[in-house]
Amino acid sequence: MTKNVYFEARNQGIGGQTSTQVWNRWQRDALGQDFDAGDGRPTITLPRAPKIIWVNIGINDVSGRVDTTITKSNLIKMAVSAQQNGIM
């Protein structure tokens, strides 16, 4: 038996950003919350909270020579925040 699964994907990435910049807009662009990240974009960028998040960050931290402890801390904060909000 074959079952079709539908999902909608949204790319909330902004080229060139470090993990700290992504964390600063995390509530709005990853969790789907009404949040002013102070970057001039609308306070709501998602129609609803996601069920799954795919995070692909870090290369700009490496090229910008960001201390690896900062990158690791930001990734952990994102993972914990997603889990606390029921997001895989």
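Q: How many helices and strands are there in the protein?
A: The protein has 4 helices and 0 strands, where helices (H or I, at least four residues) and strands (E, at least two) are DSSP runs numbered from the N terminus. Read along the sequence, the pattern is α-α-α-α.

Q: Before we go on, what kind of model is this?
A: This is a predicted model, in which local features need pLDDT of at least 70 and side-chain atom pairs count only at pLDDT 80 or more, while totals for chains, interfaces and linings use all residues. Residues are numbered from 1 along each chain as its sequence is written, and side-chain values use heavy atoms, with hydrogens and water left out.

Q: OK, what share of the residues is buried?
A: Of the 88 residues in the protein, 24% are buried, meaning under 20% relative accessible area with a 1.4 Å probe and protein chains only.

Q: And what does the C-alpha trace span?
A: Along its principal axes, the C-alpha trace of the protein spans about 50 × 30 × 25 Å.

Q: New topic: which residues lie nearest the centre of the largest pocket?
A: Those are Arg10, Gln12, Ile52, Ile53 and Trp54, out of 31 residues that line the largest pocket; a pocket is an open set of points on a 1 Å grid over the protein atoms alone, where a 1.4 Å probe fits, with protein on both sides within 12 Å along at least five of seven lines, and lining residues have an atom within 4 Å of a point.

Terms used: Buried < 20%, exposed > 50% of the residue type's maximum accessible area, 1.4 Å probe, protein only.
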